[in-house]
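Open the model in your viewer and keep the selection panel at hand. The stops below are meant to be taken in order.

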Amino acid sequence: MPIRGGSTAGTTAGERGPSRRHLVRLAGTGLGLAVLGAGAWGCGPVEEPAADATAPGKNPSAGEAAPGDAFTTPPPGTAPHPLWQDGAALGALGAMDALAVSGDVVMVSGDPLTGRSLTTGKRLWSREKVAVPGAKLLVAGGTLYLASARYDGDVVGLDPATGEETWRSRLGGKKYAQPRTIAVDEQRVYVLAGILEADYSVKDNVIAALDIASGKVVWQERRDRGTQQFGITAAVSGRHLVYTDFRENVTVRDTATGRQVWTKKIGRSNSERIAVHGDLVVVADGGRLRAFALADGAERWSLAGDESYTRFHSPAVLDGVLYVSDSVHVLRAVDPATGEERWRNADLLEVAYPWQFVKAGGNLYAATELDPKGGILAFDAQDGKLRWTYNDGTGAVDKWYVAASGKRLAALHGKRLTALPAV
């Protein structure tokens with residue numbers, strides 16, 4: 001039942017080395033890694049963040065940070081300096097949603113789970129043993145929803161402002177193993193859980209919806225034998241819950257009843273982000289971007305990559321525009337209703353390809369994949385022009401994560417959390 005309660009300097013866009021288009025294309029086929037070698041990418045100085053790498057509220061180049069949202073815009077092509085930096089617990093590896101913001105609070109998945117003021121960097125709360133490894137941080141209606149770290153079959157809700165538990169739901173107690181939250185909307189939390197056999201093995205799993213108002217199970221459905229509990233990516237759009245998995249499936253269920261509306265095979269296993277827009281779901285299916293109707297699974301449009309070996313990655317729809325990158329480092333803005341390309345930026349060979357996107361003002365911000373030359377990229381959302389690249393200089397080969405709130409960005413990289421002005 002619910003518990004009632006308070007609910008390092010950046011690099012510039014102009015720093016270019018020799019063209020590597022051919023090598024990057026080889027990398028897209030899996031051959032380029034041996035050709036490039038570690039030295040070809042180059043690494044910045046390795047630096048371990050201290051407990052307060054940059055004191056909260058301090059701007060290394062501008063002294064005391066402004067108390068409001070007033071930032072000094074750097075010259076064109078120059079990344080802004082961090083507003084603050086601090087260490088982050090290791091635990092983000094493998095999680096799609098390892099970073100989340102709610103109002104002014106930024107939260108990082110790991111143990112301990114922490115909440116900080118995005119404005120000042122001050123640690124607001126820290127709780128040990130509340131998040132399972134790789135936990136997705138899903139926020140809706142001012143509550144952070146997580147699987148219980150006690151492995152007791154419960155799902156809990158935390159107040160992002162305090163870290164205190166304000167909600168709890170029991171899926172089935174000891175009948176289920178390792179429930180995992182996969183999606184949330186304003187009414188329900190959607191969960192996958194393994195069914196425990198008498199010998200404590202898990203052969204099958206269920207998908208279920210938990211009512212946010214009451215904490216009760218709205219519906220639960222046993223999934224087909226052989227489906228997996230892990231490698232799931234999900235999204236919600238109105239009456240439709242859609243998800244993909246390692247088994248090369250796209251499946252849609254009715255959010256009110258759990259009834260399976262349709263399922264179909266795609267050509268490539270998919271555990272990356274999917275995007276929903278209106279009555280469509282958009283999936284990266286290897287070398288094609290494909291849009292399916294949520295109502296019946298009919299394919300509405302398909303967009304092919306430029307080369308036979310191109311692979312699309314993690315599409316996102318923001319303010320009615322679909323953004324997607326590919327393995328040859330081309331970033332596209334696409335009309336999600338028709339698949340028509342609005343603009344493209346094919347001049348990103350010197351940075352890793354983006355895999356996560358957010359918008360703030362008229363800018364598009366992207367976090368890159370595994371690459372010491374990656375970081376947070378800022379683009380003009382109107383034409384796709386790269387404005388600047390921020391890299392923390394650690395040389396760590398870790399995914400970057402980005403989230404936005406107001407005029408600030410939160411960037412997670414390895415064990416370092418950085419706040420940047422969205423300028």
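This is a predicted model: local features need pLDDT of at least 70, side-chain atom pairs count only at pLDDT 80 or more; totals for chains, interfaces and linings use all residues.

Residues are numbered from 1 along each chain as its sequence is written, and side-chain values use heavy atoms, with hydrogens and water left out.

**Salt bridges**

A salt bridge here is a side-chain nitrogen of Lys or Arg within 4 Å of a carboxyl oxygen of Asp or Glu. The count by this rule is 20 salt bridges.

Select Asp97 and Arg273, a salt bridge whose closest N and O atoms are 3.4 Å apart. Asp97 is in the loop between strand S3 (84–87) and strand S4 (99–102), and Arg273 is in the loop between strand S19 (260–265) and strand S20 (275–277), so the pair ties together parts 176 residues apart in sequence. Strands (E, at least two residues) are DSSP runs, numbered from the N terminus. Both Asp97 and Arg273 are buried; buried means under 20% relative accessible area, exposed over 50%, and partly exposed in between (1.4 Å probe, protein chains only).

Next, select Asp306 and Arg344, where the closest N and O atoms of the salt bridge are 2.7 Å apart. Asp306 lies in the loop between strand S23 (299–304) and strand S24 (312–318) and Arg344 in strand S27 (residues 341–345), so this pair ties together parts 38 residues apart in sequence. Asp306 is partly exposed at 41% relative accessibility, and Arg344 is partly exposed at 34%.

**Aromatic pairs**

Rings of Phe, Tyr and Trp (its six-membered ring) pair if their centres lie within 6.5 Å; planes under 30 degrees apart count as stacked, over 60 as edge-to-face and the rest as tilted. There are 8 aromatic pairs by this rule.

Tyr190 and Trp219 form a tilted pair, 6.4 Å centre to centre with 40° between the planes. Tyr190 is in strand S13 (residues 188–196) and Trp219 in strand S15 (residues 217–222), so the pair ties together parts 29 residues apart in sequence. Tyr190 is buried, at 0% relative accessible area, and Trp219 is buried at 6%.

Move to Trp355 and Tyr401, an edge-to-face pair at 5.4 Å centre to centre and 80° between the planes. Trp355 lies in strand S28 (residues 354–360) and Tyr401 in strand S32, so the pair ties together parts 46 residues apart in sequence. Then select Tyr323, Trp343 and Phe357, which ring pairs link into a cluster.

**Charges over rings**

Which residue lies over the face of Trp355? Select Lys399, at 4.1 Å from the ring centre. A charge sits over a ring if NZ of Lys or CZ of Arg is within 6 Å of the ring centre and within 35 degrees of the ring normal. Lys399 also forms a salt bridge with Glu369, with the closest N and O atoms 3.8 Å apart.

**The largest cavity**

Finish with Val132, Ala147, Ser148, Tyr151, Gln178, Pro179 and Arg180, which line the largest cavity. A cavity is a set of points, on a 1 Å grid over the protein atoms alone, where a 1.4 Å probe fits but cannot get out; lining residues have an atom within 4 Å of a point. Its volume is about 50 Å³. Strand S12 (residues 176–184) gives the largest share of the lining, 3 residues.

Notes
Helices (H or I, at least four residues) and strands (E, at least two) are DSSP runs, numbered from the N terminus. On a 1 Å grid over the protein atoms alone, a cavity is a set of points where a 1.4 Å probe fits but cannot get out, and a pocket is an open set with protein on both sides within 12 Å along at least five of seven lines; lining residues have an atom within 4 Å of a point. Grid points are joined across faces, edges and corners, and a volume is the space filled by probe spheres set on the points.
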